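User: I would like to learn how to read aromatic contacts in a model. Please take me through them.

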Amino acid sequence: MPMNEGPKHQTAPPLLAVADALDRILNGLVPSDTEICKLQDVRGRALATDIAARLSLPPAAVSAMDGYAVRAADCPAPGARLTRAGESAAGRPWNGSMGKGEAIRIFTGAVIPDGADTILLQEDASATGETDGATITVKEVPRKGQFIRPAGLDVSAGDMILTAGTVMSARLIALAISAGHTEASIWRRPNVGILSTGDELVPPGGTPGPGQIISSNATYLASFIAACGAVPIDLGIARDRPGAVLSCVRAAPAPLDLVVTTGGASVGVHDHIVDDLSASGTELGFWKIAMRPGKPLIHGRIDDIPLLGLPGNPVSSAVCANIFLRPAIARLSGADHHPQMIAARLAIDLKANDRRQDYLRATLDYDSQGRAVVTPARKQDSSMISIYAGANALVVRPPFDEARQAGDMVMVMPLDPLL
Ligand code: AMP
Ligand code: MG
């Protein structure tokens, strides 16, 4: 055997890359039913169908300013005079046909009268009065066509304005409403069951006895899942004995689209999720993922419900929720989730990374010139919820990333301020 076997990572068992794990998780997930929802209720939810405009915006040519609707040919030079023949206000169009030498008083959003081709700005004219018959004198010659918004400038009836899978924001709701819609077909919110596992866990509010801790993961996940637009369903705490996971899932108070467990993801004698999954007679993935925190992850189906088994350590579980659960919920909701990444300057030096993609808990800030600066926390222990709670970003370091120095640029995933 050669003396030099190369770097240690070449001989260690392979780990599943984060992107591959995510692909496999998403592959098995599809949204189920749709429902018709009022547009005012759809913020954060994904459209199940495309939406075409029912109306054109604006529906007719309208004025962009207050002034006079004129023919440019009647305003050849300063001093040209026109006679006011009517008024077009928003919601009260003038229905006549404008003759030569005439001007129609007009206001922003009002329909352009037949025969007019230009808006003479109010401040570029003087008027002898605000009544019909008044003389309007041109002070500043208008450019032909100025300040007219043609019909359909913004949206034309029949245009595809939104595509299926779009997650609706307040501004997209405004667009759909403007184009004549009041409702949309939306994917139903998925029901996500949350199951904690462990003999050491005491429900929140309880008093931990010797060796016990408060179960915090389920509350974090319930909040996270709700913020992602799904319905969290509490499945309680499964104790570390065979069959407990299966019976908690079967006791769910509602049909589930996904089960998320925490803990018990190792292969210790007290970790029974894997056995329970096998007992439920379906496919099972027990993965070691090339990431830190969050190496062990379980993926499979329990009674044919997709299951994602997150690690027990609170920070690992939370980071995995950001990386895997959020896109999974998006997929079940008919949308795609792509985490926003930004480049930021490192505030401290970092040693070379090993074969696992690292998600360093960090503080993202901006210097006096508005440049993003990121400071990874000194302690990166995946059991330390206080460090994660104080972070507002994760520095994402790819496997084998070289040593970095303060001032180097790194990729950062800002954490959702409410998650
Ligand atoms: P396990 O994967 O079950 O060995 O859990 C790993 C670590 O996470 C242990 O220290 C557990 O006590 C902790 N842990 C597991 N579940 C929870 C939970 N629901 N809330 C807080 N900590 C947990
Ligand atoms: Mg456990």
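Analyst: In this predicted model, Tyr220, Phe224 and Tyr388 form one aromatic cluster.

User: How is a pair of aromatic rings described?

Analyst: A pair is described by the distance of the ring centres and the angle of the planes. The structure holds two aromatic pairs. For Tyr220 and Phe224, the ring centres are 5.8 Å apart and the planes are at 35 degrees, so this pair is tilted.

User: Where do Tyr220 and Phe224 lie?

Analyst: Both are in helix 3 (residues 217-227), four residues apart, which is about one turn of the helix. Phe224 has a relative accessible area of 0% and is buried.

User: What are the centre distance and plane angle for the rings of Tyr220 and Tyr388?

Analyst: The centres of these rings are 6.3 Å apart, and the planes are at 70 degrees; the pair is therefore edge-to-face. Tyr220 belongs to helix 3 and Tyr388 to helix 7 (residues 385-390), so the pair ties together parts that are 168 residues apart in sequence.

User: Is Tyr388 buried or exposed?

Analyst: Tyr388 counts as buried, because its relative accessibility is 6% and the cut-off for buried is under 20%.

User: Which residue lies over the face of Tyr68?

Analyst: Arg105 does, at 5.0 Å from the ring centre. As for the strands here, strand 4 (residues 67-70) pairs with strand 6 (residues 102-106) in the antiparallel sense over three bridges. Ala69 stands opposite Ile104 of strand 6.

User: How many bridges are there between strand 4 and strand 7?

Analyst: Four, again in the antiparallel sense, with strand 7 spanning residues 118-121. Leu121 in strand 7 is the bridge partner of Gly67.

Methods: Residues numbered from 1 in each chain as written. Chains lettered and ligands numbered in written order. Predicted model: local features only at pLDDT ≥ 70, side-chain atom pairs only at ≥ 80, totals over all residues. Heavy atoms only, no water. Phe/Tyr/Trp six-rings, centres within 6.5 Å; stacked < 30°, edge-to-face > 60°. Helix = DSSP H or I, 4+ residues; strand = E, 2+ residues; numbered from the N terminus. Buried < 20%, exposed > 50% of the residue type's maximum accessible area, 1.4 Å probe, protein only. Lys NZ or Arg CZ within 6 Å of the ring centre and 35° of its normal. Pairing = 2+ DSSP bridges.
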